[in-house]
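Biologist: Please take a close look at the sheet in this model and at what it contributes around the ligand.

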Amino acid sequence: MSPQECVSDNRAMTIPAADRQPVLRIVPMPADTNAHGTIFGGWVMAQVDIAGSIPAWERAQGPVVTVAVNSFVFKEPVFVGDIVSFYARVLKVGRTSITVDVEVFAHRGRTGTKEVVKVTEAQLTYVAVDEHRQPRVVPDSAGGIKA
Ligand SMILES: CC(C)(COP(=O)(O)OP(=O)(O)OC[C@H]1O[C@@H](n2cnc3c(N)ncnc32)[C@H](O)[C@@H]1OP(=O)(O)O)[C@@H](O)C(=O)NCCC(=O)NCCS
């Protein structure tokens, strides 16, 4: 699953491996832009939070909440009309927490080319919670509870 490297317009870019599926794909709209006409960073952050929560929820076998954004790097701008794909994978499982890496790629749609650009990478930590919104132990992969 290691990303493939490609070169386009004299710039080295990382693209997702063909066998890797995004957890989320979305096309930003004009209402999502900032004062510069590119996509507002807060919009990207919200989608990243949702994307990261999906593998965390699956691994926790139930509800999770975001406790921390450990790192967040905007590498390239996102434009209206891009197809934005979010790839998320679990990096670490703690007692009640799950840390997820999210990579974001923009498929530039406006020019009719097939250019794919890595626009953002982030790491977030989620906590599995019970019905009282208190931390609960993450089950092991087989569904059991750690001692
Ligand atoms: C998440 C929350 C339930 C944790 O409650 P808490 O009493 O602080 O829980 P704990 O101190 O036992 O920490 C729980 C886990 O989070 C981890 N954690 C806490 N703060 C952290 C931080 N800043 N960065 C990374 N991990 C952190 C702890 O290490 C622990 O992980 P582990 O059990 O795997 O070792 C509580 O802080 C909360 O409700 N926060 C608001 C969540 C929210 O509204 N998010 C936004 C919307 S989803």
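Modeller: The sheet and the ligand shell

Five strands form an open sheet in the order E3-E5-E6-E7-E4, with antiparallel pairing. Strands here are DSSP runs (E, at least two residues), numbered from the N terminus, and two of them pair if DSSP finds at least two bridges between them. Strand E3 (24–26) and strand E4 (64–74) each have a single partner strand, so one side of each of these edge strands is left without a neighbour in the sheet. On average, neighbouring strands of this sheet are turned by 25° against each other, direction ignored; the axes are lines fitted to C-alpha atoms, and angles run from 0 to 180 degrees between N-to-C directions.

The model is predicted, and local features need pLDDT of at least 70, side-chain atom pairs count only at pLDDT 80 or more, while totals for chains, interfaces and linings use all residues. Residues are numbered from 1 along each chain as its sequence is written.

E4 pairs with strand E7 (residues 116–128) in the antiparallel sense over nine bridges. In this pairing Phe-72 stands opposite Ala-122 of E7, and Val-65 stands opposite Val-127 of E7. E7 is also joined to strand E6 (residues 97–107), antiparallel, by eleven bridges, with Val-104 opposite Thr-120 of E7.

As for the ligand, E4 and E7 each supply at least two residues of its shell. E4 gives the most, with four residues. Of the 13 residues around the ligand, those that come nearest are Ala-68, Gly-94, Arg-95, Thr-96 and Ser-97; a residue is near if its C-beta atom, placed from the backbone, lies within 6 Å. The shell divides into six nonpolar, five polar and two charged residues, where Ala, Val, Leu, Ile, Met, Phe, Trp, Tyr, Cys and Pro count as nonpolar, Asp, Glu, Lys and Arg as charged, and the others, Gly among them, as polar.
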